[in-house]
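Thank you for asking me to look over this model before we discuss it together. My comments follow as numbered points, each of which can be checked against the coordinates.

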Amino acid sequence: MTLDYCQSHQDRMERVSHLGFLCNAEEAAAHIAPYAPILEVGAGNGYLASKINARVPGQIIATDPQHDTSWCFTHGEHFPITRLTAARAVTTHTPNYTVLMCWPTLNHPWANIAAHRMAPGQRLIYIGEGAYGCTADDAFHKNLSSNFLEIAGHAIDQYHGIHDYLTIYQKKGE
Ligand SMILES: C[S@@+](CC[C@H](N)C(=O)[O-])C[C@H]1O[C@@H](n2cnc3c(N)ncnc32)[C@H](O)[C@@H]1O
């Protein structure tokens, strides 16, 4: 479903500042919960993490290196955030965790660095656009197609003009 009530960029960014980049976190949490325990990296203000925690209490760790207001999140945090980069979070916690990346920063290498540090057999849930879209960088998308196996994919609610999807992968090599 495409949300029509956020047609202007300004409307969308106002909503994002409260609820994160995902159009419908409740819906995404339902797809993610079966893969708990979850290690979310780049979790922003923790809104998605709060929805996952409501489904599988105590089975999500949310991490992000920056204070919420340094991005566009100006309304506080919805869930406790551990201050860690994605690379550090992935190497600190066991591969038993499914790594969750929702809207990794456009043209920034952090998602790809963390994906490289994941263990063989570890699961990754990526929410964002495909190659040449507005999330992560080219190297990340190449890494996904070469080194990860797609397990499942879900169409999710999208803002007008945005083409994000939720895809579940397993790292090859095991
Ligand atoms: C586009 S926002 C997405 C936030 C949130 N996942 C959402 O969907 O609302 C990108 C996030 O990446 C975080 N970030 C920046 N550098 C990072 C790094 N090295 N490791 C992990 N996250 C990072 C930012 O602080 C920001 O919260």
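1. Is Ala 89 buried or exposed? The model is a predicted one, and in it Ala 89, which is placed in helix α4 (residues 86-92), has 25 C-beta neighbours inside 10 Å. Leaving aside its neighbours within four places in sequence, Ala 89 is in contact with Leu 39, Val 41, Thr 63 and Leu 84. For orientation across the model, the C-alpha atoms of Ala 89 and His 160 are separated by 33 Å, and these two residues are 71 residues apart along the chain.

2. The packing of α2 against α3 deserves a careful look. The crossing in which α2 passes α3 is right-handed. On the α2 side the contact is made by Ala 25, Glu 26, Ala 28, Ala 29, Ala 30 and Ile 32, while α3 contributes Tyr 47, Leu 48, Lys 51, Ile 52 and Arg 55. Sorted by class, this contact of α2 with α3 holds eight nonpolar and three charged residues, and no polar ones.

3. Helix α3 can also be considered from the point of view of burial. Its buried residues are Tyr 47, Leu 48, Ala 49, Lys 51, Ile 52 and Asn 53, a list that includes Lys 51, which also takes part in the contact with α2. The elements that cover the buried residues of α3 include α1 (9-19), α2, β2 (38-41), β3 (60-62) and β4 (98-102).

4. The residues that make the contact are Ala 111, Asn 112, Ala 115 and His 116 of α5, together with Ala 139, Phe 140 and Asn 143 of α6. By class, the contact of α5 with α6 has four nonpolar and three polar residues, and no charged ones.

5. Gly 42 lies in the loop between β2 and α3 and, with 24 C-beta neighbours inside 10 Å, counts as buried. Apart from its neighbours within four places in sequence, Gly 42 is in contact with Asp 64, Ala 86, Met 101, Pro 104 and Trp 110. The C-alpha atoms of Gly 42 and Arg 83, which are 41 residues apart along the chain, are separated by 9.6 Å.

6. Most residues other than glycine have a negative phi, and most peptide bonds are trans. The peptide bond from Ala 36 to Pro 37, however, is cis, with omega near 5°, and Pro 37 lies in the loop between α2 and β2. Asn 107, in the loop between β4 and α5, has a positive phi of about 60° although it is not a glycine, and this residue is exposed, with 9 other C-beta atoms within 10 Å. Ala 136 also has a positive phi, near 60°; Ala 136 lies in the loop between β5 (123-128) and α6 and is buried, with 28 other C-beta atoms within 10 Å.

7. Finally, which residues does Gly 153 touch, not counting residues up to four places away in sequence? They are Tyr 165 and Thr 167. Gly 153 is placed in strand β6 (residues 148-155) and is partly exposed, with 13 other C-beta atoms within 10 Å. The C-alpha atoms of Gly 153 and Ala 25, 128 residues apart along the chain, are separated by 16 Å.

How values were computed. Residues numbered from 1 in each chain as written. Predicted model: local features only at pLDDT ≥ 70, side-chain atom pairs only at ≥ 80, totals over all residues. Left-handed = near helix turned anticlockwise from the far one by under 90°. Helix = DSSP H or I, 4+ residues; strand = E, 2+ residues; numbered from the N terminus. Contact = placed C-beta atoms within 7 Å. Nonpolar A, V, L, I, M, F, W, Y, C, P; charged D, E, K, R; others polar. Buried ≥ 20, exposed ≤ 12 C-beta atoms within 10 Å, placed from the backbone.
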